[in-house]
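Me: Got a model open here and want to talk through the ligand site. Can you walk me through it?
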Amino acid sequence: MKKNAVVLGTQWGDEGKGKIVDLLTDRADAVVRFQGGHNAGHTLIINGHKTVLHLVPSGILREGVDCYIGNGVVVEPAALLKEITQLEAAGVDVKKRLKISSAAPIIMPYHIVLDQLREKAKGGKAIGTTGRGIGPAYEDKVARRSIRFGDLFDPQRLKDKLTETMAYHNFVIEHYFKHEALDLETVYQQALDYGQQLQQMNADVTADLHALQAQGKSILLEGAQGSLLDVDHGTYPFVTSSNTTAGAASSGTGLGVTDIDYVLGITKAYTTRVGSGPFPTELFDDDGAMMAKNGVEFGATTGRPRRCGWLDLVSLKRINQLNGVTGICVTKLDVLDTFETIKVCTAYKVDGQETNTFPASAESWEKIEPVYQSMPGWMSETRGMTDKNKLPTQAQALINVIEDYTGKPVHMISTGPDRNENIIIQNPFE
Ligand code: GDP
Ligand code: IMO
Ligand code: MG
């Protein structure tokens, strides 16, 4: 049966989206990225072999699956070419299978410079961005001065746009940040060169996706980051610069909202966050250290250690609502195998008052004290399990608490990093 499904993260990113997208593409015909850029790091482990993808959709390792980068993604050509070269060296024919929207904004060298200069200038108040130029590139999109992917193939248009845009950015770089300006001709020649190398992938992705739909094919829409990093709904200003929630799957591809049949919300059995910003359930004790160690919690893009803490059901409930989540996928259950006690946050205390409500303002996030429900751990190995009935009763109890609290069913459980380590209760494509 034809079905289009969104797969997205419901925390602060790194929930295991890449692994799950790769797994589910055995039933999908195409995978499309709809937002974010190479700030994403999506890890796929197949028979012990690890691949980390940043811009290329996580369906690329399944032959016969078409891959698309939608108009909502910001594309850094050098990073994309590097990724393509690495994949092609491993025998994956990316250039034949990947199409890129001509409307996708390009991350230019001045965006990367600006991102890093701004972070440096903020000092202790830095957001902790990935330094990839994501924010400045999205700003230019909204300011209507982006160089878009299609511009790379029209030398005169590219020159005209770059001349105007770089005059603007160089002024800020030189006079506000007191940094050396970027050379127009160098940036222009480099952009033309990237364009030549990428041109065969230029496409009207929206038209292609609708053509696939007309043929009764199934499309998987792959989210990047997580909903708590959403520029509108997340922990602003400690967020990324795109909408990471389900609505972006439509605006970032050109599929209609009614074309989407299913939303899979991925959550770890605990929580992690990279970069700065509020994190009410963060742990600074041995439990946090054990999560980091068992879960190998280091960023797939920047290598930074991830902050770790307990699962926050108050925020998960809200995030599931705003994404219209159909089913939940709980990942990294096996990371909790060695915990005597497991906690989940079931309420917040703000200024001494207990509440179940997600805070309206980012400032109130800083004041939250988590209220926990404690549960006995299972203290046995769930790693690699594929049958829900064989899970220890305490692990099943945790799954039940998640379902009861959020009112959404758990449709999948990931029990290890490898493609085959899963419990599938209901496949989104069935
Ligand atoms: P993404 O950004 O959401 O795709 O997630 P990342 O790839 O950045 O981070 C998830 C990490 O957890 C990767 O190293 C995965 O290999 C690993 N992983 C995914 N699912 C599981 C799981 O169920 N158990 C364990 N132990 N590791 C997992
Ligand atoms: P995946 O797709 C985790 C975080 C950064 C920083 C904030 C803003 O692998 O889950 P940006 O460079 O986007 O302007 O940084 O967002 N961040 C991520 N954290 N996983 C990601 O992607 C992230 N992409 C951005 O650490 O706090
Ligand atoms: Mg990641």
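Me: What's the shell around ligand 1 like by class?
Reply: It has 4 nonpolar, 8 polar and 7 charged residues. Asp, Glu, Lys and Arg count as charged, Ala, Val, Leu, Ile, Met, Phe, Trp, Tyr, Cys and Pro as nonpolar, and the others, Gly among them, as polar. This is a predicted model, where local features need pLDDT of at least 70, side-chain atom pairs count only at pLDDT 80 or more, and totals for chains, interfaces and linings use all residues. Residues are numbered from 1 along each chain as written, chains are lettered from A and ligands numbered from 1 in written order, and side-chain values use heavy atoms, without hydrogens and water.

Me: Which residues come nearest to ligand 1?
Reply: Gly-16, Lys-17, Thr-43, Asp-334 and Ser-414, of the 19 around ligand 1 (a heavy atom within 4 Å).

Me: Which polar backbone atom is 2.8 Å from a ligand 1 oxygen?
Reply: One of Gly-41. That's a polar contact, a pair of N or O atoms within 3.5 Å.

Me: And strand 3, buried or exposed?
Reply: 4 of its 5 residues are buried, so strand 3 is largely enclosed by the rest of the structure. Buried means under 20% relative accessible area (1.4 Å probe, protein chains only), and strands are DSSP E runs of at least two residues, numbered from the N terminus.

Key
A polar contact is a pair of N or O atoms within 3.5 Å; within protein, one must be able to donate a hydrogen and the other to accept it, and residues adjacent in sequence count only if both atoms are side-chain atoms. Buried means under 20% relative accessible area, exposed over 50%, partly exposed in between (1.4 Å probe, protein chains only).
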